[in-house]
Amino acid sequence: MTDPTKAGGLTLTGGGALAKTFRGLAESVRGAALEAATRSAALPVLNQVRITVPQGGRTPYKSGTYRRGWHMETVEKSPDRCVVQIGNDQPQSRRLELGFVGPDKLGRVYNQAPRPHVRPAFDENVERAKTEFRDAMAETVEREASKRAD
């Protein structure tokens, strides 16, 4: 039987140390590093949704309160999983995005057309978000690998 440590004339030595290094690198992309990468991935969407109509974006603008209400928060965080949510605490956010037809709780009747700006910001930034995430993770791995090489 062929020795598994020899392949194509090469001999692998230090496999245990290499495996330990890879385990250490895997640890380095968990927890805080995962959260930082996930938040980096969400930034392009958040930044685009903050661009108002007068600035050339889709987000409605009247006084600036709605624009300032956009934020990002980590809603789930564990060593292996991180969920970041982009949202707005202003009461009009759902109506502006999806529209509203019918009476409100005060009895006023509306026929408000949707003005989508959140979903388009997400759809247009999916690839950029993936790139941001990959770049942030790669930076973490490179930083940790250079520490271990010293």
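## Report on a predicted model: burial, core and aromatic pairs

Thr 52 has a relative accessibility of 2% and therefore counts as buried. Its place is in the loop between helix 2 and helix 3, the latter spanning residues 65-68. Leaving aside neighbours within four places in sequence, Thr 52 is in contact with Gly 57, Thr 59, Tyr 61 and Arg 67. The model described here is predicted.

**Confidence and overall layout**

The mean pLDDT of the protein is 87, and 89% of its residues reach 70 or more. Confidence is lowest in strand 1 (residues 6-7), where the mean is 56. The highest value, 96, belongs to helix 5 (residues 118-124).

The protein contains six helices and six strands. Along the sequence they follow the pattern β-β-α-α-α-β-β-α-β-β-α-α. Of the 150 residues in the protein, 28% are buried. The accessible surface comes to about 10300 Å², and carbon and sulfur atoms account for 54% of that surface. Among contacts between residues at least 6 apart in sequence, 52% join residues at least 24 apart.

**The largest nonpolar core**

In soluble globular proteins, nonpolar side chains tend to be buried together. The largest nonpolar core in this model has 15 residues, and the members that touch the most other members are Leu 46, Val 49, Trp 70, Met 72 and Val 84. At least two residues of this core come from each of helix 2, strand 3 (70-78), strand 4 (81-88) and helix 6 (126-149). Helix 2 supplies the largest share, six residues.

Which residues does Val 49 touch, not counting residues up to four places away in sequence? They are Thr 59, Trp 70, His 117, Val 118 and Ala 121. Trp 70 is itself buried, because its relative accessible area is 5%, under the 20% cut-off.

Ala 33 counts as buried at 16% relative accessibility, and Ala 41 counts as buried at 14%.

Not counting residues up to four places away in sequence, Ala 33 touches Ser 28, Met 137 and Thr 140. With the same exclusion, Ala 41 touches Ala 129, Glu 132 and Phe 133. From C-alpha to C-alpha, Ala 33 and Pro 79 are 9.3 Å apart in space, while 46 residues separate them in sequence. Ala 41 and Asp 135 are 94 residues apart in sequence and 9.4 Å apart in space, again C-alpha to C-alpha.

**Aromatic pairs and a charged neighbour**

The count of aromatic pairs comes to two. The geometry of each is given below.

| Ring pair | Centre distance | Plane angle | Arrangement |
|---|---|---|---|
| Tyr 66 and Trp 70 | 5.6 Å | 70° | edge-to-face |
| Phe 100 and Tyr 110 | 6.2 Å | 65° | edge-to-face |

Phe 100 lies in strand 5 (residues 100-103) and Tyr 110 in strand 6 (residues 109-112), so their pair ties together parts that are 10 residues apart in sequence.

Are Tyr 66 and Phe 100 buried or partly exposed? Tyr 66 counts as buried, at 6% relative accessibility. Phe 100, at 22% relative accessibility, counts as partly exposed.

Arg 95 is placed by both rings of the Phe 100 and Tyr 110 pair. The charged end of Arg 95 sits over the ring of Phe 100, 3.9 Å from the ring centre. That charged end also sits over the ring of Tyr 110, 4.8 Å from the centre of that ring.

**Ser 93 and helix 4**

Ser 93 lies in helix 4, which spans residues 93-98. With a relative accessible area of 16%, Ser 93 is buried. Not counting residues up to four places away in sequence, Ser 93 touches Tyr 66 and Asn 88. Tyr 66 is also a member of the edge-to-face pair with Trp 70, and Trp 70 is among the core residues that touch the most other members.

How values were computed
Residues numbered from 1 in each chain as written. Predicted model: local features only at pLDDT ≥ 70, side-chain atom pairs only at ≥ 80, totals over all residues. Heavy atoms only, no water. Buried < 20%, exposed > 50% of the residue type's maximum accessible area, 1.4 Å probe, protein only. Contact = heavy atoms within 4.5 Å. Core = buried A, V, L, I, M, F, W, Y, C linked by side-chain atoms within 4.5 Å. Helix = DSSP H or I, 4+ residues; strand = E, 2+ residues; numbered from the N terminus. Areas by Shrake-Rupley, 256 points an atom, 1.4 Å probe, with all protein chains shown as cover. Phe/Tyr/Trp six-rings, centres within 6.5 Å; stacked < 30°, edge-to-face > 60°. Lys NZ or Arg CZ within 6 Å of the ring centre and 35° of its normal. pLDDT = per-residue confidence, 0-100.
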